[in-house]
Amino acid sequence: MNEVIKKMAESLRAGATMLPDNCSVCNSPLFRLENRTYCVKCGSSPTLTPALASAPPASPQVDSVKAMIPQMTSTVLAKLKKLRVEVDETSDPVRLSQMSELMLTLLKILEVLERLGKSK
Ligand SMILES: [Zn+2]
């Protein structure tokens, strides 16, 4: 039991937050660190986060999406490069705000692509 409390303290020190949800396996409180949810006691990591974390299970569709990842990544990167130049040249606040929003979206897409590429 002490071991678990020690692990919880370590997680908190690492910047994790304790969640109101309990582990479905052992019922101890779940922790969340950098978009990952995990149980310090039994080490299970339930996918509570519906947003980006919910990668679909491996299937033929996923494989074909994965095959596109390198191309998609370079497309997004090319767009970001263009956008960066445009941002440099624009002083219109409205355009700037639109462009930063777009940049943010593209960066999120990159994040998702990277995650998909790493997952099995
Ligand atoms: Zn557990």
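## A hairpin to start from

Strands S1 and S2 form a hairpin with 6 residues between them, and Asn 27 in the turn has a positive phi of about 70°. Strands here are DSSP runs of E with at least two residues, while helices are runs of H or I with at least four, and both are numbered from the N terminus.

Before going further, please note that this is a predicted model: local features need pLDDT of at least 70, side-chain atom pairs count only at pLDDT 80 or more, and totals for chains, interfaces and linings use all residues. Residues are numbered from 1 along each chain as its sequence is written.

## The sheet

S1 covers residues 17–22 and S2 covers residues 29–33; the two pair in the antiparallel sense over 3 bridges. Pairing of two strands requires that DSSP finds at least two bridges between them. Asn 22 stands opposite Pro 29 in S2, and Thr 17 has Arg 32 in S2 as its bridge partner. In general, strands of a sheet pair through backbone hydrogen bonds, either parallel or antiparallel.

The open sheet has 3 strands in the order S1-S2-S3, with antiparallel pairing. S1 and S3 (36–39) stand at the edges with a single partner strand each, so one side of each has no neighbour in the sheet. From one strand to the next, the twist averages 40°, with axes taken as lines fitted to C-alpha atoms (for helices, over the stretch in contact) and angles running from 0 to 180 degrees between N-to-C directions.

## The whole protein

Let us step back. The protein has 3 helices and 3 strands, and from the N terminus on its elements run α-β-β-β-α-α.

Buried residues make up 4% of the 120 residues. A residue is buried if 20 or more other C-beta atoms lie within 10 Å of its own, exposed if 12 or fewer, and partly exposed in between, with C-beta atoms placed from the backbone. Among contacts between residues at least 6 apart in sequence, 31% join residues at least 24 apart; a contact means C-beta atoms, placed from the backbone, within 7 Å.

H3 has 26 residues and reaches 37 Å from its first C-alpha to its last, close to the 38 Å expected at 1.5 Å a residue. That expected span is 1.5 Å times one less than the number of residues. H3 is hardly covered, with a count of 0 buried residues.

Leu 102 is found in H3, which spans residues 93–118. Leu 102 counts as partly exposed because it has 15 C-beta neighbours inside 10 Å. Leu 102 and Leu 83 are 19 residues apart in sequence, and their C-alpha atoms are 8.5 Å apart in space.

Note on methods. Two residues are in contact if their C-beta atoms, placed from the backbone, lie within 7 Å.
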